[in-house]
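Take your time with each task, and try it yourself before you read the solution.

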Amino acid sequence: MSIMSNAKRALAIAAASATLFSMAACGSSNAAGSKSDSSSAASSGKIEVVASINQWGSVAKDLGGSNVEVTNIMTKTNVEAHDYEPTSQDVAKFGTAKVAVVNGADYDPWATKAAQSTKAALVTAAETAGIKEGDNPHVWFSAKVRSNTADAITAAYQKADPSHKDDYAKFNKDWHAKEDQLEFKIKDTSSKTENLPYAATESVAWYLADDLKMTDATPKGYAQASANESEPTPADIKDFQDTLKAGSIKMLVFNSQEANSTTDQITGAAKDANVPIVELTEQMPKQYTNLLDWMSALVDQFAAAVK
């Protein structure tokens, strides 16, 4: 997360609020178009769903099948939700949804603000596991959060569309069967990764590493700077490089979505020290249409990186 994230989030929330106020006060052409789209969705008998990020949108789709129409706001890996600035069209989509799925934990506050100002049933992934603002917000990497969020989405569907209650129960059962397979893979892989010291350029995959029973050995100064959304000092960077060179860190997790000159120095040191690097992104890459498939592929990457 960049040092400008707090300012950008504030601007994004303000933009979302202004757009909602404008729509409510006078009705814009965007709002009119959204009402038309909503009427179309209603006539098809489908639940209109909006998800702030594509990984949660994929879960919403899997749990609703042909009974839902899911729109994802963020779908690309070149912009992260921390820094995303929603358009008026983005905000308008929340205004016509029956169900809104957001991440929470101050990851996508613009989406939370937009959804709270509508009549949509709101599912906040982080809240399903008691994760709050200030905690690590990358909760889709957590098995517990994935499972709890799936159940919350199903409950929202069954309330919005009780005539298809049994359908949603079946979709939920099928989804959990796949999640169980993923968790079995995680448990099996943890036999190789348990207590393995790793470091990260950013704590994006912390929950997955924790499920794999790994030990976060990221040097304290660098880790604190990252958590505080500040730039690490030259001393912090050198400490990280020296620690990699010393060999106590057995794996480096690199968020390529937040690559910069600092991470170049860290990954360069890891390569020089022959420390395996697991490269990943914050948003779900386009080659995946399913959160569970993405997580499964990442588990395979962690397993392959174990020396």
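Two strands pair if DSSP finds at least two bridges between them. Helices (H or I, at least four residues) and strands (E, at least two) are DSSP runs, numbered from the N terminus. The model shown here is predicted, so local features need pLDDT of at least 70 and side-chain atom pairs count only at pLDDT 80 or more, while totals for chains, interfaces and linings use all residues. Residues are numbered from 1 along each chain as its sequence is written, and side-chain values use heavy atoms, with hydrogens and water left out.

**Exercise 1. Describe the open sheet and its edges.**

Task: Find in which order the strands of the open sheet lie, and which of them are the edge strands.

Step 1. Four strands form this open sheet, in the order E6-E5-E7-E8, with parallel pairing.
Step 2. Strand E6 (215-216) and strand E8 (277-280) are the edge strands, since each pairs on one side only.
Step 3. Look at one pair: E5 and E6 are joined in the parallel sense over 2 bridges. Proline 197 has threonine 215 in E6 as its bridge partner.

As background, strands of a sheet pair through backbone hydrogen bonds, either parallel or antiparallel.

**Exercise 2. Follow strand E1 and its partners.**

Task: Work out how covered strand E1 is, and with which strands E1 pairs.

Step 1. Start with burial (buried means under 20% relative accessible area, exposed over 50%, partly exposed in between, with a 1.4 Å probe and protein chains only). Strand E1 (residues 47-53) is mostly covered, as 7 of its 7 residues are buried.
Step 2. With strand E2 (residues 68-74), E1 pairs in the parallel sense over 6 bridges. Glutamate 48 has glutamate 69 in E2 as its bridge partner.
Step 3. Now trace the chain: from E1 it passes through helix H3 (residues 54-64) to E2, and this β-α-β crossover is right-handed. Right-handed applies if, with the strands pointing away from the viewer, the path from the first strand over the helix to the second runs clockwise.
Step 4. With strand E3 (residues 99-102), E1 pairs in the parallel sense over 3 bridges.

**Exercise 3. Describe how two helices pack.**

Task: Say at what angle H3 and H7 pack, and which residues make the contact.

Step 1. Two packed helices are described by the angle between their axes and the distance between the axes. Axes are lines fitted to C-alpha atoms, for helices over the stretch in contact, and angles run from 0 to 180 degrees between N-to-C directions.
Step 2. H3 and helix H7 (residues 165-193) pack at an angle of about 125 degrees, and their axes are 7 Å apart.
Step 3. This makes H3 oblique to H7. For the cut-offs, angles under 35 degrees count as roughly parallel, over 145 as roughly antiparallel, 65 to 115 as roughly perpendicular and the rest as oblique.
Step 4. Contact means heavy atoms within 4.5 Å. On the H3 side the contact is made by Val59, Asp62, Leu63 and Gly64, and on the H7 side by Tyr168, Phe171, Asn172 and Trp175.
Step 5. Sorted by class, this contact has 5 nonpolar, 2 polar and 1 charged residues. Here Ala, Val, Leu, Ile, Met, Phe, Trp, Tyr, Cys and Pro count as nonpolar, Asp, Glu, Lys and Arg as charged, and the others, Gly among them, as polar.
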